[in-house]
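Every answer sets a value beside its cut-off.

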Amino acid sequence: MDGDIAPVNDIVDLCKKYDAMSYIDEVHAVGLYGSTGAGVCEERGVDPDIINGTLAKAYGVQGGYIAASKTFIDAIRSYAPAFIFTTSLSPVLCAGALASVKYVKEHAELRMMIQVKAEELKRKLKDRNIPILENNSHIVPVMVKDPVKCKQISDDLLYKDGIYVQPINYPTVDKGTERLRFCPGPNHTTAMMDELVDKLIVVLERHKII
């Protein structure tokens with residue numbers, strides 16, 4: 001929720017040194033990082049034992065997955081109740097996921113533009129003295145630090161200004177670190193971002209955050 005990227009190279013090296021299993025959560029990274037969109041591990045040339053990903057978020061469908069060796073996958077199929085008693089994805093979701101993964105793999109320019117747009121939004125927010133949490137990813141957390149106001153600000157932006165942003169409250173984040181979590185896309189224009197910042201300032205001032 002901070003938008004920071006873990007030192008996956010060091011983690012995997014440490015696991016190999018002590019014969020431990022490495023499990024890397026890439027749900028916020030698949031589709032957005034790496035030459036084919038496989039995630040941060042692909043981007044950094046890291047080969048963990050297990051990668052956890054999602055077909056939602058960047059791929060815009062539904063469902064999740066792990067990628068691992070055949071032996072480990074067979075063990076999950078045989079012994080993990082959470083998997084055994086889970087209903088399979090419908091054929092239409094599988095078809096949509098395949099089409100989306102194929103499209104994302106072939107359009108690296110979209111990944112590049114997401115990073116460009118994220119940096120642009122961060123810069124605009126900082127220029128207007130809106131408190132953001134600095135990080136090394138495409139996620140842009142705007143700090144509110146009040147659970148009630150965080151939800152009120154989100155509602156105001158949605159119902160009054162037509163801007164959707166999720167409020168992130170406890171227990172997802174620690175109490176006192178509540179925030180709005182923006183993730184600009186490749187098709188967000190500079191004009192859209194300017195409008196967002198202008199409206200965000202009005203709402204933050206109304207609730208005495210800035």
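Q: How many helices and strands does the protein chain have, and what makes a stretch count as one?
A: The protein chain has eight helices and six strands. Both are DSSP runs numbered from the N terminus: helices are H or I with at least four residues, and strands are E with at least two. Read from the N terminus, the order is α-β-α-β-β-α-α-α-α-β-α-β-β-α.

Q: What kind of model is this, and how are residues numbered?
A: The model is predicted, so local features need pLDDT of at least 70 and side-chain atom pairs count only at pLDDT 80 or more, while totals for chains, interfaces and linings use all residues. Residues are numbered from 1 along each chain as its sequence is written, and side-chain values use heavy atoms, with hydrogens and water left out.

Q: Why is cysteine 150 called buried?
A: Buried means under 20% relative accessible area, exposed means over 50%, and partly exposed lies in between (1.4 Å probe, protein chains only). Cysteine 150 has a relative accessible area of 0%, so it is buried. Cysteine 41, at 1%, is therefore buried too. Across the protein chain, buried residues make up 38% of the 210 residues.

Q: What makes a set of residues a nonpolar core, and which members of the largest one touch the most others?
A: A nonpolar core is a set of buried Ala, Val, Leu, Ile, Met, Phe, Trp, Tyr and Cys residues joined through side-chain atoms within 4.5 Å. The largest has 21 residues, of which Leu125, Leu180, Phe182 and Leu200 touch the most other members. Two or more residues come from each of helix 6 (108-127), strand 4 (140-143), helix 7 (147-161), strand 6 (179-182) and helix 8 (190-206). Helix 8 gives the largest share, seven residues. Another core, of 12 residues, lies apart from it and includes Val12, Ile24, Val40 and Cys41.

Q: What is leucine 180 in contact with?
A: Contact means heavy atoms within 4.5 Å. Leaving aside neighbours within four places in sequence, the partners of leucine 180 include Val140, Val142, Cys150, Ile153, Leu157 and Leu200.

Q: Why is the pair of arginine 206 and aspartate 156 called a salt bridge?
A: A salt bridge needs a side-chain nitrogen of Lys or Arg within 4 Å of a carboxyl oxygen of Asp or Glu. Here the N to O distance is 3.0 Å, and the side chains meet in a salt bridge. The pair links distant parts of the chain, with arginine 206 in helix 8 and aspartate 156 in helix 7, 50 residues apart. Aspartate 156 counts as buried at 12% relative accessibility, whereas arginine 206 is partly exposed at 41%.

Q: What separates glutamate 195 and lysine 199 along helix 8?
A: They are four residues apart, which means about one helical turn. Their side chains meet in a salt bridge at 2.7 Å, N to O. Glutamate 195 is partly exposed with a relative accessible area of 41%, and lysine 199 is partly exposed at 24%. The count for the model comes to 12 salt bridges, and Lys70, Asp74 and Arg77 are linked in a network of them.

Q: Why is phenylalanine 85 called exposed?
A: Its relative accessibility is 71%, so phenylalanine 85 counts as exposed. Phenylalanine 85 sits in the loop between helix 4 (81-84) and helix 5 (91-105).
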